[in-house]
Amino acid sequence: MAINISDFFKSTIQQPNQQSDKTGDITSATRNSLQNSDFKSSLSGNTILQNMLAGDTFTGFVKEINNNSALISMADGSFITAVLKEGANIKAGETATFMIEENINNQISIKAMQPDDQQTVLIYKALDASGIPATDSNINIVKELINLNMPINSETITAMSKYCAKFPEANINTIANLLRLEMPVTQENIMEFDAYRQFNGQLEKNLYTLENKLNTDIANYVGNGSREIFVNSFTQVIDKLYEGIESAKFELTPEITSHITETLKESLSSYIPELTMDSSVNYDDINITTKDLITKMLSDSLNNKDSEILKSDFFKDILHQVINETMKLTPKDVVQSENSINNYYKRIRKNVDEAQDIIAKSDLKTDFTKGMQDIKSNIDFMNDLNKNMTYFQIPVKFSEGEGNGELYVFTNKKALSKGTDNISAMLHLDMEHLGPMDVYVKLNNKNVSTNFMLESEEMLDFVYKHIDKLNKRLENLGYSTHFEMKVSDSQTDKFDFVTDFVQGDINKKNNGQYILDVKA
């Protein structure tokens, strides 16, 4: 497509100032200009007009319309008048892309282009003005920038092109979103973003995988020549994971008790004397911490004492409690201070990093190190994401079960810093016994609107039964509340990390109009 006005489009097309005229209010001076096709009031407009040929396109702001004539403002403040072809679906006050139908003796007739055609024209102009070839790859890059309302300039197009070439297997939308969020475009962040896109980015899943890898490593190393190196290293890892926190008293839950056979009970008696008593024993009287128990069992295994116990289901139960104590929070921990979440991430990131160093110095080949790296990458991704948007996960341990919580705040931090009164958030909870729950919250000043999306009618009844307690607490804090709740539809109500959160602030309804921002 030949473009004869590319120099003009190297400036930003913006909506001109409308201080003096109201949309659609044609003054007598303007009416005379439209009726007489008098272009003398704008020398710049004439210059642009003289270079336009049939088939050329331009973008401008429709300032006024009278019958089938339009007054169109250009980027430099000049204007042209033109005859609109019949059926032109355009109104005063809109910015649009037009194609020249005829230009005879400076009498110009134009037609507004359809949204798809406008986008095509915009893509070619952006690439031409940026000096970038219109290859299929570059065209797709500009399309993605348009879809995400990102700047269409040479700097952004060049950066996208560079990263697409560096990571050819990456989703172009992933790369564009990382740039849009001002996050480092690395292989780790690309993988994390795609994991979140597929609902596989939960920190809870990382912890579950880490625990499984630890059990695999224990089974592989216990009984072979590297057992001593592994046990010594693993004992140091346990110490490192507990750094900064205290171990709780070991709990013999019904699930753990079910794994203790009569034979195993005899072996465990040296660690937990209460197990030698009859079945009526009060296991609440057990007086050994989880950390001390697992450390003692590891130490004894080096002397060939009960080394096989490390492969038992009971030892897996102990390890599970270690992960819960060192890698998860209780509800009390979460509300203990306003910095509890940040402190939690800092501690986990530091302890896991140092635990990795311990394994690296041992020269052991373990699956465990990959599990720790996944946790670090996930935390680093959340840290980068939180520079612009508020999002964090809370792996939670409850007195009767476990769960995971994710909080999404749908107002970017730039808007929050300007003191916006409107904040939207979504709290996603996954509970061992209660199942998944999404809580959508809209806050406007002191008005709180809350919508519960629940998995079943049973959960609906449960929330109804206790909603008054939540309402009372919020009202005591000065909030006016409104609650709605329903059983969620797994298809229509499913939350999407990318479209509903990361891209949630993008205005999808732009009436097919595009703004060209080409800065060569």
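Biologist: How many bridges join S3 to strand S5 (residues 107-112)?

Modeller: Two strands pair if DSSP finds at least two bridges between them. S3 and S5 have two, and run parallel. Residues are numbered from 1 along each chain as its sequence is written, and side-chain values use heavy atoms, without hydrogens and water.

Biologist: In which sense do strand S2 (residues 69-73) and strand S3 (residues 79-84) pair?

Modeller: Strands (E, at least two residues) and helices (H or I, at least four) are DSSP runs, numbered from the N terminus. S2 and S3 pair in the antiparallel sense, over five bridges, and Ala 70 stands opposite Ala 82. Five residues separate the two strands of this hairpin. In its turn, Gly 77 has a positive phi of about 95°.

Biologist: What is the bridge partner of Phe 452 in S11?

Modeller: Met 485. Eight bridges link S10 (residues 447-454) and S11 (residues 480-487) in the parallel sense.

Biologist: Which element has the lowest mean pLDDT?

Modeller: pLDDT is the predictor's confidence in each residue, from 0 to 100. Helix H1 (residues 28-36) is lowest, at 46, and helix H6 (residues 172-180) highest, at 95. Residues 1-29 lie below 50, with 57 contacts (heavy atoms within 4.5 Å) beyond near neighbours in sequence. Residues 33-42 are also below 50, with 21 such contacts. Where pLDDT is low, predicted coordinates should not be read in detail. The protein's mean is 78, and 79% of its residues reach 70 or more.

Key
This is a predicted model: local features need pLDDT of at least 70, side-chain atom pairs count only at pLDDT 80 or more; totals for chains, interfaces and linings use all residues.
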